[in-house]
Amino acid sequence: MIRIVEVGPRDGLQNEPTPIPPEEKLAFIQRLRDAGLVEIEATSLVSPKWVPQLGDAETLWPQLPAGGLYSALVPNAKGLERAVSLGVKRIALFTAASDAFTQKNINMTVAQSLEVFAEVAAAFRAQVPDGWLRGYVSTAFECPFAGRVDPEATVSVASELLKIGCDEISIGDTIGVAAPVEVKRLTPLLASAVPLDKLNYHFHDTRGTAIANVAQALEQGVRSFDSSAGGLGGCPYAPGAGGNLATEDLVYFLERSGFATGLEPLRLAQASLPILEQLGRPPASKAQRAALAALPQTQ
Ligand code: MG
């Protein structure tokens, strides 16, 4: 069984310019649940000033459909306060393998971000003893500001996140440049610092390499991947280009390769349609388009 973490409602919608009302988001999350998705990154507790698309966490969280394992991105101590008061049990912290990226994104060096997150992680553990903590390493292969990233830098940040108590490390190809040979090089290095069952890949399909990278990571024993229904979330560093790997493409590839996902491809293909309509664009996912085209046409 392959673990899929759906990031559309958070990572996807955060990177779409059109804000979606909370009731539409809730209906979207319900459809994702109906398709069989369990782990869903639902929102972010970053200041609404910076990410207005996700400024409705306080409205959204108490109404999330029952039965899901929902997580929220927490940027700092203030975000943690909001998370705890909402009863959030699963949080994600966000840093990167490149100082140039964290400086622009969170106004800290990587080392400073790890110091802040060590405190946030400790406070989270103290207040939510049964909580679950994810650490993101963005720009794991390349930084949009500083170019290629040394695999050792990525491994070092992953290892630090593990030390501050993360239950899982998600390795992100933030600008969607990686090719399988890079995944082949990086994964064993990561696995020497982080147990394989705590490793997750967050690939972007900006240049059409995401599925090839998933295939390589599977070869190396990774069994957990992020994806976004309908490929929601463009690439903020390549305007107009695709971003997140689409859940439909991932599920098609896995199931066809003999890996069970437990998801219903048709329901999944339909889950993001009302959101895509609001955003005014067709599905980016080829597997989604193929699934929809095979549906009987209704008048
Ligand atoms: Mg992403």
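Trainee: Which residue forms a salt bridge with R10, and how far apart are the closest N and O atoms?
Mentor: R10 pairs with E41, and their closest N and O atoms are 2.7 Å apart. A salt bridge here is a side-chain nitrogen of Lys or Arg within 4 Å of a carboxyl oxygen of Asp or Glu. R10 sits in helix α1 (residues 8–14) and E41 in strand β2 (residues 39–44), so the pair ties together parts 31 residues apart in sequence. Helices (H or I, at least four residues) and strands (E, at least two) are DSSP runs, numbered from the N terminus.

Trainee: Are R10 and E41 buried or exposed?
Mentor: Both R10 and E41 are buried. Buried means under 20% relative accessible area, exposed over 50%, and partly exposed in between, with a 1.4 Å probe and protein chains only.

Trainee: Where do these numbers come from?
Mentor: This is a predicted model: local features need pLDDT of at least 70, side-chain atom pairs count only at pLDDT 80 or more, and totals for chains, interfaces and linings use all residues. Residues are numbered from 1 along each chain as its sequence is written, and side-chain values use heavy atoms, leaving out hydrogens and water.

Trainee: What does K25 pair with?
Mentor: K25 forms a salt bridge with D56, with the closest N and O atoms 2.9 Å apart. D56 is in the loop between β2 and α3 (57–60), and K25 is in helix α2 (residues 22–34). D56 and K25 are both buried.

Trainee: And what about R90?
Mentor: R90 forms a salt bridge with E39, at 3.0 Å between the closest N and O atoms. R90 is in strand β4 (residues 90–96) and E39 in strand β2, 51 residues apart.

Trainee: Which residues are in the network with R90?
Mentor: Salt bridges that share partners join R90 with R3, E39, R134, E168 and D226.

Trainee: How many salt bridges is that for the chain?
Mentor: The count comes to 14.

Trainee: New topic. How many helices and strands are there?
Mentor: The protein chain has 13 helices and 10 strands. Its radius of gyration is 18 Å, close to the 19 Å from the globule rule for 299 residues, so it is as compact as a globular protein of that length. That radius is taken over C-alpha atoms, and the rule is 2.2 Å times the number of residues to the power 0.38.

Trainee: What share of the residues is buried?
Mentor: Buried residues make up 53% of the 299.
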